[in-house]
Amino acid sequence: MFTPTPLLPLILLGLTPLTSGAPTTASSSDDCDLSPRAATYWQPKPNSTLRWDYSLAQGPTTGFKASDGSSSSTVDVWGLDLFDTSKETIAALQKQGKKVVCYFSAGSYEEWRSDASSFPKSTLGNNLSGWAGERWLDVRASSVRSIMTKRIALAASKGCNAVDPDNVDGYNNKPGFPLTQTDAVNYVTFLADQAHAKGLASGLKNGAEIVSRVVGKVDYAVNEQCVEYGECASWQPFIKAGKPVFHVEYPKGDDVNNNKAVSAATKKKVCQNAGAKGFNTIIKNMNLDGWIQFC
Ligand SMILES: *[C@@H]1O[C@H](CO)[C@@H](O)[C@H](O)[C@H]1NC(C)=O
Ligand SMILES: *[C@@H]1O[C@H](CO)[C@@H](O)[C@H](O)[C@H]1NC(C)=O
């Protein structure tokens, strides 16, 4: 990772977008061009007072009041669905000083997406268990990668600050293809390079096993349920590298989606996990609707 020293004070401001040196890639057609290729993208820092929300199912829930009395207007970083969120919504949030992280599934086919018909049959693997209408993708395929490049271009055209490519950990599942951790590292790196080239930050979603191999390439992490699975410490390399871990737990379980606050004991267990020190932790319903409890 290249961090330009003169910009460090700006980096410490956290939410300030800044100019950073892009990794230099040799251009085959013009390898005499020595001018630095500056890329501008958001480089968030760990910040315990920063609030994020992962509202993929409901969008930015204006007027929502969390059980601690805080409201959706206090959210600094919104994780929103790339396809379902309009350019206008994103612009309106940014006008209020918020950042928008646009979610899409990079490692699964979702039959309802507008570009679903562009995936060749040969790239579609097993169903995702528990997620109707989704199938694992062969992320090694160039056809899949060019579709994801288009999705990242869509994110750029909508003005997203970052992308949140999901389901990169096929190796942990039964995708129907012999996907390895190295395939995942390669894919996450590809997605980050594409995002950076378009002026967007990119993250690692889940995939604890590859943290050390991609922490230098992505700008933040999104983790689901590391408290539940006892693997929060695996994500500490992000904090050490000065990159935030946006962490969500679903202590009510898979099926209990209601607006009730969790007990004080549950909240303590989720919010005071030793391994999750420095993370931005939130409590949500697993369907990622508008309900939230902040730590
Ligand atoms: C941390 O986030 C809060 C909320 O957005 C912001 O007011 C504050 O300036 C941030 N601190 C740093 C050091 O970036
Ligand atoms: C996969 O899911 C589809 C519906 O999305 C279903 O029709 C099909 O039977 C499932 N296949 C297997 C092997 O479970």
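Trainee: Let's begin with a hairpin. Which residue in β8 is the bridge partner of Asn127?

Mentor: Keep in mind that this is a predicted model. Strand β7 (residues 124-127) and strand β8 (residues 134-137) run antiparallel and are joined by two bridges. Asn127 has its bridge partner in β8, and that partner is Arg135.

Trainee: And which residue takes a positive phi in the hairpin of β7 and β8?

Mentor: Look at the stretch between the two strands, which has six residues. One residue in this hairpin has a positive phi near 90°, and that is Gly130.

Trainee: Zooming out, how many helices and strands are there in the protein chain?

Mentor: The chain has 295 residues, and 52% of them count as buried. Among contacts between residues at least 6 apart in sequence, 65% join residues at least 24 apart. As for the elements themselves, the count is eight helices and 14 strands.

Trainee: Which strands are the edge strands of the open sheet?

Mentor: Follow the order of the nine strands: β3-β4-β5-β9-β10-β11-β12-β13-β14, with mixed pairing. Neighbouring strands here are turned by 25° against each other on average, direction ignored. An edge strand pairs on one side only, and that is the case for β3 and β14.

Trainee: What angle does helix α4 make with the direction of β10?

Mentor: Two helices are worth a look here. α3 packs on the sheet, touching β5 and β9, and its direction makes about 155° with that of β5. Helix α4 (residues 181-197) also packs on the sheet, touching β9 and β10; with the direction of β10 it makes about 160°.

Trainee: Now the cysteines. How many disulfides are found in the whole structure?

Mentor: A disulfide is a covalent bond between the sulfur atoms of two cysteines. If you number the bonded cysteines in sequence order, the pairing reads 1-2, 3-4, 5-6. A search of the whole structure gives the total: three.

Trainee: How many residues apart are Cys102 and Cys160?

Mentor: These two form a disulfide, with sulfur atoms 2.0 Å apart. The pair links distant parts of the chain: Cys102 sits in strand β5 (residues 99-105), while Cys160 is in the loop between α3 (142-158) and β9 (162-166), and the separation is 58 residues.

Trainee: Is the link of Cys226 and Cys232 left-handed or right-handed?

Mentor: A disulfide joins Cys226 to Cys232, S to S 2.0 Å. Both ends are tucked away: Cys226 counts as buried at 0% relative accessibility, and Cys232 counts as buried at 3%. For the hand, look at the turn about the S-S bond: it is 90°, and the link is right-handed.

Trainee: What about the last pair: what relative accessible area does Cys295 have?

Mentor: Cys271 and Cys295 form a disulfide whose link is left-handed, with -80° about the S-S bond. Cys271 lies in helix α8 (residues 264-271) and Cys295 in the segment after β14 (292-294), so the pair ties together parts 24 residues apart in sequence. Cys271 is partly exposed at 23%. Cys295 is partly exposed too, with a relative accessible area of 41%.

How values were computed:
Residues numbered from 1 in each chain as written. Chains lettered and ligands numbered in written order. Predicted model: local features only at pLDDT ≥ 70, side-chain atom pairs only at ≥ 80, totals over all residues. Heavy atoms only, no water. Disulfide = S-S within 2.5 Å. Helix = DSSP H or I, 4+ residues; strand = E, 2+ residues; numbered from the N terminus. Buried < 20%, exposed > 50% of the residue type's maximum accessible area, 1.4 Å probe, protein only. Pairing = 2+ DSSP bridges. Axes fitted to C-alpha atoms, helices over the stretch in contact; angles between N-to-C directions. Contact = heavy atoms within 4.5 Å.
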